Amino acid sequence: MKEMWRDYDPDGFFDELMYEKHQPRGFSYRLLDYLTSMDEEAFSQRINESEMEMLERGITFTVYSDAGNIDRAWPFDIIPRAIPKSEWQRTEKGLQQRIRALNQFIDDIYNEGSIVKDGLMPADVVYDSKGYRAYCQGMSPSHGVWANICGSDLVRDDTGKLYVLEDNLRVPSGVSYMLENRKTTKRVFPELFRLLDISPVDAYPEQLSRMLRSLRPDVSNPNMVLLTPGVYNSAYYEHAFLAQQAGLTLLEGADLLVGRDNYVYMKTIHGLERVDVIYRRIDDDFIDPEAFRPDSMLGVPGIMRAWRQGKVAIANAPGCGVADDKVIYAYVPAMIRYYLNEEPILDNVPTWLCREPEQLAHVLEHLPELVVKPANESGCYGMLVGPHASEEKVSEFRQLLKQNPNNYIAQPTLKLSVSPTCCDGGIAPRHVDLRPFILSGEDCYVTPGGLTRVALVEGSLVVNSSQGGGSKDTWIVDDRSFMEGQ
Amino acid sequence: MLSRVGERIFWLARYLERVENTSRLINVHTSLLMDLPQHRDINWYTLVTIFDAKNDYFDRYDRVNEYDIMHFLLADTSYGGSLVNALFSLRENARTSLDILPETLWEQVNELHLMVKGEMSSIGNRRRRQNLLLAITERCLGIWGIIANHMSRNYAYDFLLVGKYIERADMTSRILEMTSILVADKDSEISKQYEGILWGTLLRALSAQQMYIQHNASTLKADKVLTFLITDTTFPRSLSFAVKALGNYLHYLPRSETVLSLQQDVLNKLQDYKAEDASLAMTHVQMDELQVSLSAINQAIAKNWFYPDYATA
């Protein structure tokens, strides 16, 4: 299928696998050599195999639309995205550093609040944040860790430099797709795993279980459960998958109750059974109708009481979403210096804080070139992507920024890196990002690689699965031998 | 095990058994109709009677013909008892129990769903319908094979088997009920001319023909067939076997005394069955009573394990 690759051209973007047209990177040479030497028919057969595989295993996600809720097959691109191990080792250190600082920050603001007292962060940024929960004041979970599971989004610009785009600390999803993608690639391209030294990813469920266990050092064999909002949640497949793989009991709010002794119990065929650790995949707002939203049908009344008394561990800890705030994000490099006394290994995307008048002036002047994000929305809700937006939309945001500058940040529109992707029978560059997953309890574990999401539409920067994004298997390839000049 | 999970698993097994039995029954009935002349007592509508779905049927259709009845029983999503709906419930229950079931089981259930989805439009064609129903039966058996060979003997397994045997007893009794009504009328044309064919069909609908012959080495006679299908404890699709097996698995579950005593009553009644001429005509009444008792056992199971009053700590 050499012909399919003949016209492939990253066209000025940083390409994950190539320097430029027809110039593979050292660590991706064998991968590309293998792919180009395969004939077109064999290649499309592999694509069919991978699609059948995903469909038969029932790997789906739900799209909520006007036409009803549809379970769609997970869109998977069979050409892997590769990252050299030498670069990854540094990234891994950077992610660990970052999560350490973020956890110390959360622990600090729910206790002494020294970062505010020392004047590094304005009080309103922290205490008026949507993710801040006054209810959590005075708490300190095991090991001082609040964000036990984090899924940071990393992106590259056109120079290839890696940035942290956001830290997803509430209920990050996607890790099951990382595992499923690898399983599929292994079945579809078994030969490649002999040619290259690729880091395995399947330790995750075991690491997850170990991390959760470490949250209850006081219990010798803690009873651990995964709390899901239920079958109609778009990530339900993942909840079931993780419960199965990590040996957690998968349950819904209605399966739990809090006893008069303030312990949490689940309803079993034997009667009530005590629960020690809850991996919750429900937002703070819905977890306890007594403490937060009284209309929540998903949560468990009294569960926050049980948590505050240390009778149950909850991961991620309630209130940790405060560090997911986009304005607070801008302060992460400062946190790293403040708490760890280290220089950040991974950089933030350059960010203008609209609350600062000079920065706001700059943002307003360059609005059509920038991306503007509200403080506390996930996905791409309430965002402005200047270069892709209509004039009305830009002026709408001009108003919003003037009315409520504190709620916004702005960033340059990055020229996201691309990676070769199958599209309409051909191969074309498509924009990608990367979501590694970081587990923190007693120890810290980072997945080798993570989930690469790809915008399947030409020119699009939107990688979310709900909006036309797909995903790729991500390889951390040992590149030492290639560096030695093979 | 969570009460909710126990409930889902129990129903998963019931639906799996129902899908299998329905497919086999419809195929066997089709072949029966090919053997019989056009007759007003036995026709496609007989199937609707077996499923107790008279009202549901006439709410939706005006006429009685093969096409409409097949559509109703197999493909009609508005009728709760249709095969597609049973399959849908089966898949939903499997999908929501992924954490405790073998991975391969979910894959097989999902493949079954995809296969039926792709082929459902062709059920108007008799040949393709028969192939589809045959394939469904085989796949269901394959799924039971996974359960038998990939699952620990734990509570999940016990609830699966409890669900399976309660559903099997129910389906078997429905099929028996129908045949006994047809042959009970000693004077009717049908019973004189075709009794042998009818009993043979009944046995095939329960995959029981071969074992019956091995067991009885005799011709197809009403009293022998009924005795075999009601009282035999060695053939897995006979009523006594199913109810006895139900008891074995109930026994493994915690606090099962109340449910077990109901099950024991039912088993005793079945074992007391005597296929004498006088009582032959009453068989369908007894089958009706059996269905009521099975439904009472189902309720007792729900009360005991799925929705008990939890004593709060």
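This is a predicted model: local features need pLDDT of at least 70, side-chain atom pairs count only at pLDDT 80 or more; totals for chains, interfaces and linings use all residues.
View 1. Domain 1 of chain A is pieced together from 1-131 + 149-201 + 325-349 + 414-486, while domain 2 takes up 350-412. Going by C-alpha atoms, the centres of domain 1 and domain 2 of chain A sit 25 Å apart. Where they touch, domain 1 of chain A puts in 24 residues and domain 2 of chain A puts in 20 residues.

**View 2. The area buried between the domains.** Together, domain 1 and domain 2 of chain A hide about 1,700 Å² from each other, and 51% of that lies on carbon and sulfur atoms. On the domain 1 side, look for Lys326(A), Val327(A) and Val349(A): this trio supplies 33% of the area that domain 1 of chain A buries against domain 2, more than any other three residues.

**View 3. Salt bridges and polar contacts.** You'll find 2 salt bridges running between domain 1 and domain 2 of chain A. Zoom in on Arg355(A) and Asp124(A), which form a salt bridge with their closest N and O atoms 3.0 Å apart. As for polar contacts, 4 residue pairs link domain 1 and domain 2 of chain A, counting pairs with both residues at pLDDT 80 or more.

**View 4. The domain 1 face.** Which elements give two or more residues to the side of domain 1 of chain A that touches domain 2? They are helix H6 (123-127), strand E5 (162-168) and helix H13 (326-329) of chain A. Sorted by class, this side of domain 1 of chain A has 12 nonpolar, 6 polar and 6 charged residues.

Conventions
Residues are numbered from 1 along each chain as its sequence is written. Chains are lettered from A and ligands numbered from 1 in the order in which they are written. Side-chain values use heavy atoms; hydrogens and water are left out. Domain bounds come from an automatic or database domain assignment. Contact means heavy atoms within 4.5 Å. Buried area is the accessible area (1.4 Å probe) that two parts lose on being put together, summed over both. A salt bridge is a side-chain nitrogen of Lys or Arg within 4 Å of a carboxyl oxygen of Asp or Glu. A polar contact is a pair of N or O atoms within 3.5 Å; within protein, one must be able to donate a hydrogen and the other to accept it, and residues adjacent in sequence count only if both atoms are side-chain atoms. Helices (H or I, at least four residues) and strands (E, at least two) are DSSP runs, numbered from the N terminus. Ala, Val, Leu, Ile, Met, Phe, Trp, Tyr, Cys and Pro count as nonpolar, Asp, Glu, Lys and Arg as charged, and the others, Gly among them, as polar.
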